[in-house]
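Please open the model in your viewer and keep the selection panel at hand.

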Amino acid sequence: MSDRPRLPDAAKRWLDEGTYVTVGTTGPAGRPHLSVMWATYDGDDVLLSTITGRRKYRNLTVNPHVSVLWFPKDAPLSYVEVRGTAAVTTDGARELIERLARTYVGRPYQEVPGDVVR
């Protein structure tokens, strides 16, 4: 049995419904940096997708400590926060962004307008 906490079923359901998450990283000089993002999960791991070179990517490659928070639209005080250490990889990146695009905008990533994924 793992010591890691389980991701609650409600939290998974909210991600399946396309709930946006807020991701907190630590920027240069130790300042907090927040980003609103798409997310999903694999088991109890939260999966995020970003582009190399973006501030959150640069932050995570220097300091992998991260916090991710989300809540259902109709009950913002019922939230989930996950804190942990991020692992940055390109493995499965194309499949992940396709999965996220279909969840959040209902179509393939190639068809998502640029202003939606900045």
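Predicted model: local features only at pLDDT ≥ 70, side-chain atom pairs only at ≥ 80, totals over all residues.

Begin by selecting helix H1 (9-16), whose buried residues pack against S1, S3, S5, S6 and H3. Residues are numbered from 1 along each chain as its sequence is written, and side-chain values use heavy atoms, with hydrogens and water left out.

**Along H1 and just beyond**

Within H1, colour Ala 11, Lys 12, Trp 14 and Leu 15, which are buried; that word stands for under 20% relative accessible area, with exposed meaning over 50% and partly exposed in between, for a 1.4 Å probe and protein chains only. These four cover an arc of only 160 degrees around the axis, which puts them on the same side of H1, the arc being that of the directions from the helix axis to the C-beta atoms. An α-helix has 3.6 residues a turn, so residues three or four places apart point the same way.

After H1 comes Gly 18, with a positive phi near 85 degrees. Next, select Thr 19, in the loop between H1 and strand S1 (21-26), which is buried at a relative accessible area of 6%. Its side chain reaches the backbone oxygen of Trp 14 at 2.8 Å, a polar contact being a pair of N or O atoms within 3.5 Å in which, within protein, one must be able to donate a hydrogen and the other to accept it, and residues adjacent in sequence count only if both atoms are side-chain atoms. Leaving aside neighbours within four places in sequence, Thr 19 is in contact with Trp 14, Trp 70, Phe 71 and Tyr 104.

**The open sheet**

Now display the four strands of the open sheet, which has the order S2-S1-S5-S6 with antiparallel pairing; two strands pair if DSSP finds at least two bridges between them. S2 and S6 stand at the edges, each with a single partner strand, so one side of each is left without a neighbour in the sheet. On average, neighbouring strands of this sheet are turned by 20 degrees against each other, direction ignored. H1 packs on the sheet, touching S1, S5 and S6, and its direction makes about 80 degrees with that of S5; axes are lines fitted to C-alpha atoms, for helices over the stretch in contact, and angles run from 0 to 180 degrees between N-to-C directions.

Zoom in on S5 and S6, which pair in the antiparallel sense over six bridges, and pick Ser 67, whose bridge partner in S6 is Arg 83.

**H2 across the strands**

Select helix H2 (residues 55-62), which lies across S1, S2 and S5 and runs at about 125 degrees to S2. Which residues of H2 are buried? They are Lys 56, Asn 59 and Leu 60, and they cover an arc of only 95 degrees around the axis, which puts them on the same side of H2. Asn 59 has a relative accessible area of 2% and, not counting residues up to four places away in sequence, touches Thr 25, Thr 26, Gly 27, Pro 28 and His 33.

**The nonpolar core**

Next, show the largest nonpolar core, which has 21 residues, those with the most contacts inside it being Leu 15, Val 21, Val 23, Trp 38, Val 68, Trp 70 and Leu 100. Such a core is a set of buried Ala, Val, Leu, Ile, Met, Phe, Trp, Tyr and Cys residues joined through side-chain atoms within 4.5 Å. H3 contributes the largest share of this core, five residues.

Move to S3 and strand S4 (residues 45-48), paired in the antiparallel sense over four bridges, where Tyr 41 stands opposite Val 46 in S4. The hairpin has two residues between its strands, and Gly 43 takes a positive phi near 65 degrees.

Then select Ala 29, in the loop between S1 and S2, which has a positive phi of about 65 degrees although it is not a glycine and is exposed, with a relative accessible area of 75%. Finish at Gly 92, in the loop between strand S6 (80-85) and helix H3 (93-104), which counts as partly exposed at 38% relative accessibility.

Methods
Contact = heavy atoms within 4.5 Å.
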